[in-house]
Every structure is written in structure tokens, then in C-alpha cells.
Amino acid sequence: MMGLAVVLAATTALPAAADSGVRAITIGEVVALAQRNAVAVIQAEGQQRNGAAGLRSAYGAFLPSVSVSAGANRQLPTQAGQTRVVNGQIVTYAPEPWSYSASLGASVDLFTGGSRFFELQQARAQSSAAAANLITQRNGAVLAAQQQFFNVLAARESEAAASAQLDQAQQQLRVSVLRLKLRAVTRSDSLRSEILSHNARLAVLQARTALAVANASLTRAVGTPYPVTAAADSTIDRPGLSLDDESLRQLALEGPEVRQATASLDAARAALRIAWAAYLPSVTASYSRGGNGAGSSFAIGGDDLSSYSGALRLSLSLPLFTQFQREAQTTQAQVARENAEASLRDARLAALESLTQSLGSFHAAEERAAIQAATVQAALEDLREQQQKYAIGAAVLLDVLTSQATLDQARHDLIQAHYDQRFARAQLEALVGRSL
């Protein structure tokens, strides 16, 4: 009997959960932190800046290019006025030691077969695709962070369920020990109750470990330098959805991934027009003006910088044969356009597929949560009755253990149903790009 008392005391002395000093954050804070700190979001923001820079460059192609140059050269005084033979030619050094030059040049493409307009269209489409990709990455980062948030809640609920299981197991162990003292049951009952208590203690330890891991995963998902955990938030278990299925379908077809695929198709079409523009001639106008002179001292312009000359040029170019490079570029652009069309079609179908799956998961999880809540209540009542019967000898320990196992499974299924319902709602919100 003393051995059983020692076991009972050791079982109740379960180590408390470690105080890690984590900061509790709400689901709204999770969304804001994930949108700001996620690696994929930061990379997408860089792509968006690159797209904006490319769009500015496409507009700048319509402006002339301007260049200015200036130079100065000093000859050794001993060489001034002398002549020498350099590479078989007689070179006479200027009497002035300093020589200067300055020039101004400008050029503009008057006609490029329309390629600049098509490049502008392509840059706009690429910028739009980058903006849509940024939204997609933000939604993905938010979904991943929300999933970790829900994991923390599920782990915390599992810890509470394991603690309740431990309390019930310890209560059952005390009853078994008492009945063993009264010689109303055999030693087998107390040993089985002891095993049940150990299993419950192990479940609590595993739940606490799972909670610590979930907190660490949530911290990584939101990218904070300090540890965080999920705060209690009643808004995540809202009943139903704010939109009907048809409205969700329309929003899914206009979601960020579909918009990104549409912009990519527009860019591919513009690239094909650019390839066709290579068969047309290009016209370029340029103007240049420069001068040179010499002087006795260093100064911009020198003593005499009067030998100016200017030139205005108009040139036309039409490549007649480019070793089939234009044909290859045109074929590649056509293939890219066809691939983009197929990607857009698949993006629309994928959006509808994801919507159907997430809607089904949400409604099913909603029903399961209601069913499992009732099942837990029924299992609790059944366990209470079996424990009372066992205490007076009207039931055997196997009946109690069976009721306890049923209750444990019902609790687990309820936690899983809550998690599935929360995650399915988050998937729908990421798909349509708005809160539901």
C-alpha cells in the first residue's frame, strides 16, 4: 500500500510549464507583422520596385539622350614648337602647351517600328504583375502566420485537455487505491489506474512541448526579435461567412493570382509585338557640336576655343537578314504568349478548385465542431456515471477506462475541428483577398 501512495504522490508532482516570458499577440497583429517581416513579402516588394523602375525606363525611351564631354591636354614645354617623327609621320607640337576640346551631343529615335510603345505596354504589364505578386505573397505570408497562430491555439487547447485528463486519471487512481485498501478490487485495478495516470502525465508534457514549438514557429512566421504566442481572440471563431458562395466565386476569379496571370499574359503579348517590330525600319536623328583650341594656361575654354563645328544627322536602318535571329525571337515570343494563356486558364481553374475545397472544408469543419462539442459533453457525463458506478462496485475498471478513452478522443476531435474551421476560413480570405 505504501508503494501505491508513493506512486500517487509522484504522479501529482507534475512540473509546471516553463515561464518563457513570451508576448501575446492578437490575430490582427499577426497579420500586420507577417505583411511587414515575411521574407517572401520583402522580396516581392523589391520586385515591385524593379517593375516601377522598368516602367520609368520605358517612358524615358521617348526622350532624347544627351551627352557632354570636355578634355584638356598639356604638352611638355620643351616640346612646344618642335617636330618629331611618330610612327613614320612628322608631328609638330603646338606652341601653346595647353589644348582643349568640348562637345555636346543629342540623339533621339524617331521611329522604331512601334517597339517603344510595345515596350511601354510590356513594362506596364510587368509592373502590374509585380504588384499582384506582392499581394499574393502578402496573402501567403498572412495565411502561413495565421496557420501558426491556430497551431498555438490548438496546442493550448490540447494542453488544457491533457490537464483535464490528468485530473480525472489521478482521481481514478485515488479511488482505485481506496477500494484496494478495502479489498473491494484486485491489485490489477490500481496498476491499470497507475498506468492511466502516467499516460495522462505524459500527454501533458507532450502538449506543453507542442505549445513551445508552436510558439517558436509563430515567432518565426511573424519575424519578431522577441518570442510571441497567440492571445485569446474571440473574433477567429465567427459563425458562418459574410458572403454567399456565388460572391466568393466572383472574388476568387478576380483574386491576386488571377490578376498576376492576366498581367503576365499582357506582357507576353507586348513582347510578341516587339518581336514583330524588328521587321520594320528604324529612324534616328542626332545632333552634335564641338570645338577645340589651345592656350598658355589651364582654364576651361582656354585662350582660344573657337574652332566649333556642328552636325545634324538623320539615319534610317533596316536589317534585311539577321541569320534568322528575328524569326527565332518571334517564335520564342509566340511560345511565351501561348504559355501565358495556358497559365491564366489554369490560374482561374485553380482558384475555383481552391474555393470549392476550402468552402467544403469550412462547412464540414463547422458541422464537426458542433457535433464534437455535443460528443464531449456526452462523454463527460458518461465518464462521471461510470466513475460513480465503479466507486460503489456497480461497474468494472474497464468501463471507466473505455469512457475515458472516448472522452479523450472526443476532445481531440473537437480541437481538430476548431483548427480545420479556422484554417479553412483563412484559406478563403487569402484566396479572395479580403476578410470574411
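Where do Arg384 and Glu381 lie, and how many residues apart are they? I found both in helix 8 (residues 325-391), three residues apart, about one turn of the helix. Helices here are DSSP runs of H or I with at least four residues, strands are runs of E with at least two, and both are numbered from the N terminus.

**Ground rules.** This is a predicted model, where local features need pLDDT of at least 70, side-chain atom pairs count only at pLDDT 80 or more, and totals for chains, interfaces and linings use all residues. Residues are numbered from 1 along each chain as its sequence is written, and side-chain values use heavy atoms, with hydrogens and water left out.

**Salt bridges.** I searched the whole structure and got seven salt bridges. The term means a side-chain nitrogen of Lys or Arg within 4 Å of a carboxyl oxygen of Asp or Glu. Side chains of opposite charge can pair when their charged atoms come close.

I went back to the helix 8 pair. The side chains of Arg384 and Glu381 form a salt bridge at 2.2 Å, N to O. I then checked accessibility: buried is under 20% relative accessible area, exposed is over 50%, and partly exposed is in between (1.4 Å probe, protein chains only). Arg384 is partly exposed at 37%. Glu381 is partly exposed too, at 33%.

Next I looked at Glu29 and Arg23. Their side chains meet in a salt bridge of 3.6 Å, N to O. Glu29 has a relative accessible area of 29%, so I logged it as partly exposed. Arg23 stands at 39%, so it is also partly exposed.

Then I took Glu45 and Arg138, a salt bridge of 3.5 Å, N to O. Glu45 sits in helix 3 (residues 39-60) and Arg138 in helix 4, so this pair ties together parts that are 93 residues apart in sequence. Glu45 is partly exposed at 24%. Arg138 is partly exposed at 30%.

**The core.** Which residues touch the most other members of the largest nonpolar core? Of its 27 residues, I noted Val30, Phe149, Phe150, Leu218 and Val222. Two or more residues come from each of helix 2 (27-37), helix 4 (115-181), helix 5 (187-222), strand 6 (228-230) and helix 9. Helix 4 gives the most, with 10 residues. By nonpolar core I mean buried Ala, Val, Leu, Ile, Met, Phe, Trp, Tyr and Cys residues joined through side-chain atoms within 4.5 Å.

I listed the contacts of Val30, where contact means heavy atoms within 4.5 Å. Leaving aside neighbours within four places in sequence, Val30 is in contact with Ile25, Ala145, Gln146, Phe149, Leu218 and Val222.

**A buried glutamate.** Glu429 lies in helix 9 (residues 397-432). Its relative accessible area is 15%, so it is buried. Again leaving aside neighbours within four places in sequence, I found Glu429 in contact with Gln146, Arg238, Arg434, Ser435 and Leu436.

**Backbone angles.** Most residues other than glycine have a negative phi. Gln323, not a glycine, has a positive phi of about 55°. Phe324, not a glycine either, has a positive phi of about 65°. I placed Gln323 in the loop between strand 8 (304-317) and helix 8. Phe324 is in the loop between strand 8 and helix 8 as well. Buried or exposed? Gln323 counts as exposed at 53%, and Phe324 counts as exposed at 56%.
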